[in-house]
Amino acid sequence: MALARDEVLPAPVIERPMHADDVAAVGILERASYQFPWSEPIFHDCLRVGYVCRVLEAGDRIVGYGIASMGAGEAHILNLCVAESLRGRGVARRLLLSLLKRAERAGQHWAFLEVRPSNEPALRLYRDLGFVEVGRRRDYYQAVGGREDAIVCRLALGGAELLDPEN
Ligand SMILES: CC(C)(COP(=O)(O)OP(=O)(O)OC[C@H]1O[C@@H](n2cnc3c(N)ncnc32)[C@H](O)[C@@H]1OP(=O)(O)O)[C@@H](O)C(=O)NCCC(=O)NCCS
């Protein structure tokens, strides 16, 4: 059952590393959240190659996850997802800030991500955190009835804007 926006969360939301035995639950959330979801083997590959893979857990439920690759001075945010019932409460913002801080601590200088122009909640969040559009990949995404561009966004890491006392 979906929570109303002002309802109290059923349990504290805890962030922890993703493990292989989380992938089935992550896959369920992925398929509920995207029209063109990643398959479960993609999540296993992310774990196998050592990407930063984090889950959010409330009680015994996986309610979100974030995945980033890091190296050569760049972090790439590859997936960020929160259960529909918990959206609009700053949960994704907290998770993304956590990924960005991990990237900073690992010595990366830039964070990149791709987003559909139609994904307004995600775009608002990214812009609010200081990401700026630096390019477009034409027809990058599969879409209903055709293809959709990707907006490529970039954020400079190491700046004071990430020093949020709540995180
Ligand atoms: C995009 C996504 C991750 C955002 O998750 P979220 O947890 O809802 O995001 P946040 O709550 O951190 O921020 C979204 C909005 O909630 C608002 N918000 C934050 N805390 C809040 C609170 N305590 N009460 C009310 N609203 C709040 C934010 O200000 C923001 O508002 P805005 O839309 O007016 O800017 C989520 O919509 C999602 O999982 N979508 C499906 C997967 C997806 O598209 N992922 C991104 C791929 S690029």
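Ala-72 is exposed, with 7 other C-beta atoms within 10 Å. On the scale used here, a residue is buried if 20 or more other C-beta atoms lie within 10 Å of its own, exposed if 12 or fewer, and partly exposed in between, with C-beta atoms placed from the backbone. Ala-72 sits in the loop between E3 and E4, and its phi is near 55°, a positive value in a residue other than glycine. Asp-139 has a phi near 55° too, again positive in a residue other than glycine. This one belongs to strand E6 (residues 132-143) and counts as exposed, with 12 C-beta neighbours inside 10 Å.

A word on the model itself. It is a predicted one, so to speak of local features takes a pLDDT of at least 70 and side-chain atom pairs count only at pLDDT 80 or more, while totals for chains, interfaces and linings use all residues. Numbering starts from 1 along each chain, as its sequence is written.

On to the overall layout. The chain holds four helices and seven strands, in the sequence pattern β-α-α-β-β-β-α-β-α-β-β. Helices (H or I, at least four residues) and strands (E, at least two) are DSSP runs, numbered from the N terminus. Of the 167 residues in the chain, 25% are buried. Among contacts with a separation of 6 or more, 59% link residues 24 or more positions apart; a contact here means two C-beta atoms, placed from the backbone, within 7 Å.

The seven strands make an open sheet with mixed pairing, in the order E1-E2-E3-E4-E5-E7-E6. E1 and E6 are the edge strands, each pairing on one side only, and the twist from one strand to the next averages 25°. Two strands are taken to pair if DSSP finds at least two bridges between them. Strands of a sheet pair through backbone hydrogen bonds, either parallel or antiparallel.

Going through some of these pairs, strand E1 (residues 13-17) runs antiparallel to E2 over five bridges, with Glu-15 bridged to Leu-56 in E2. E2 and E3 are also antiparallel, joined by seven bridges, and Cys-53 faces Ile-67 of E3. The hairpin of E2 and E3 has two residues between the strands, and Gly-59 takes a positive phi near 65° there. E3 and E4 are antiparallel as well, with eight bridges; Tyr-65 stands opposite Cys-81 in E4. Helix H3 lies across E1, E2, E3, E4 and E5, at about 30° to E3, where axes are lines fitted to C-alpha atoms (for helices over the stretch in contact) and angles run from 0 to 180 degrees between N-to-C directions.

The largest nonpolar core has 38 residues, of which Val-26, Tyr-65, Ile-77, Leu-99 and Ala-111 touch the most other members. Such a core is a set of buried Ala, Val, Leu, Ile, Met, Phe, Trp, Tyr and Cys residues joined through C-beta atoms within 7 Å. Two or more core residues come from each of helix H1 (23-33), helix H2 (40-48), strand E2 (52-58), strand E3 (61-71), E4, H3, strand E5 (110-115) and strand E7 (146-156). H3 gives the most, with six.

Val-26 is worth a look of its own. This residue is part of helix H1 and counts as buried, with 21 C-beta neighbours inside 10 Å. Setting aside neighbours within four places in sequence, Val-26 contacts Met-18, Phe-43, Val-55, Ile-62 and Tyr-65. Val-26 and Gly-64 are 38 residues apart along the chain, yet their C-alpha atoms are separated by 7.7 Å.

Asp-149, in strand E7, is partly exposed, with 18 other C-beta atoms within 10 Å. Beyond residues up to four places away in sequence, Asp-149 touches Pro-117, Arg-136, Arg-137, Arg-138, Asp-139 and Tyr-140. Glu-114 is 35 residues from Asp-149 in sequence and 9.5 Å away in space, C-alpha to C-alpha.
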